[in-house]
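Here is a short briefing to read alongside the coordinates. Take a look at the fold first, and then walk through the notes below.

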Amino acid sequence: MIDAELLEELGRRVDAGAIVPFSAEDGALVEGLSFASRPLTRETYKDAWKSFVEELGVEHLGWPVHFGVAVWYWGHEMLLHAAAVFEHIHRDVRRGYDRIEEVAGYQADYLPEMLKLHAEMSDREKVSQLFGRLEELYEDGHLALSEYSDGLLAAIGTTEESRITAEHSLLHSATRTICDLRELLDSERRAKEVLKAEVDAGVPFKDACTNAEEDLRTRYAISFPTFCTQTQQFLVGASGFSMGTDRALRSGSRWPS
């Protein structure tokens with residue numbers, strides 16, 4: 001099949017339920033495209049895919065087809081070819097800003113992957129542009145915290161900070177904020193586990209931790225005080241759970257796994 005037929009067939013398969021990343025069978029259609037043989041540079045890639053589909057007369061294909069092609073190229077280490085397709089998607093979606101809710105939904109699907117691709121390419125300027133939009137999607141409730149934080153960390157990874165101290169770096173502050181949010185979620189989960197543990201084992205967790213800390217400070221009188229406060233808390237918590245488990249087993253109660 002020629003290029004236009006390959007893309008038309010991909011379009012039919014996507015309409016019939018093909019998902020991204022493409023299966024080996026669908027990927028074979030992408031592999032057959034002559035676009036892979038086009039030499040691309042950082043200066044020329046942005047319009048390459050747009051020109052390609054215009055030459056073929058297949059501009060009508062929906063963005064999920066282009067998204068699948070972009071992901072396939074990325075997965076096969078053809079970064080500039082993938083970036084060219086992502087660029088076409090991004091421009092096409094931006095033209096629909098009059099349908100803002102629909103656009104936000106589309107961008108929440110592809111933008112995190114597009115950002116990570118450009119981070120892998122160390123394209124700091126593009127990453128900065130994309131992260132600005134990613135942040136808007138997160139603030140407007142279209143993006144999950146995990147996807148936003150992954151985008152933030154990818155953006156940080158492409159930024160040179162050699163002349164900025166960690167204490168005064170906005171990026172480091174943002175990183176700490178994300179880590180704090182994740183820790184808060186983990187803390188809420190642990191709190192629920194503690195409540196269930198106390199009911200199952202009949203052991204107040206704070207008492208178990210008090211006993212555990214006394215035991216640790218006695219057994220490891222030299223090394224334990226040298227650990228930072230957070231490490232000490234983690235060790236005490238783990239030991240408290242362990243003590244609770246032992247007591248639950250001896251009493252025949254069940255400590256949650």
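Helices (H or I, at least four residues) and strands (E, at least two) are DSSP runs, numbered from the N terminus. This is a predicted model, in which local features need pLDDT of at least 70 and side-chain atom pairs count only at pLDDT 80 or more, while totals for chains, interfaces and linings use all residues. Residues are numbered from 1 along each chain as its sequence is written, and side-chain values use heavy atoms, with hydrogens and water left out.

**Overall picture**
- The protein chain has 11 helices and 0 strands.
- Of its 257 residues, 40% count as buried (under 20% relative accessible area; exposed is over 50%, partly exposed in between; 1.4 Å probe, protein chains only).
- Among contacts (heavy atoms within 4.5 Å) with a separation of 6 or more, 60% join residues 24 or more positions apart.

- Helix H1 covers residues 3-15, and its 13 residues should span 18 Å at 1.5 Å a residue; the end C-alpha atoms are 19 Å apart, which agrees. The expected span is 1.5 Å times one less than the number of residues.
- Buried residues of H1 are Asp3, Ala4, Leu6, Leu7, Glu9, Leu10, Gly11 and Val14.
- The cover over these buried residues includes helix H2 (24-31), helix H3 (48-56) and helix H4 (63-75).
- Just after H1, glycine 17 has a positive phi of about 120°.

**The largest nonpolar core**
- A nonpolar core is a set of buried Ala, Val, Leu, Ile, Met, Phe, Trp, Tyr and Cys residues joined through side-chain atoms within 4.5 Å.
- The largest one holds 56 residues, and Leu7, Phe35, Trp49, Tyr73, Phe86 and Tyr110 touch the most other members.
- At least two residues of this core come from each of H1, H2, H3, H4, H5 (79-94), H6 (100-120), H7 (124-139) and H8 (145-157).
- Leaving aside neighbours within four places in sequence, tryptophan 49 contacts Leu7, Leu33, Phe35, His66, Val69, Tyr73, Ala84, Val85 and His88.

**Backbone spots worth a look**
- Most residues other than glycine have a negative phi, and most peptide bonds are trans.
- The peptide bond from valine 20 to proline 21 is cis, with omega near 0°; proline 21 lies in the loop between H1 and H2.
- Glutamate 77, in the loop between H4 and H5, has a positive phi near 65° and is exposed, with a relative accessible area of 61%.
- Serine 122, in the loop between H6 and H7, has a positive phi of about 60° and is partly exposed at 48% relative accessibility.
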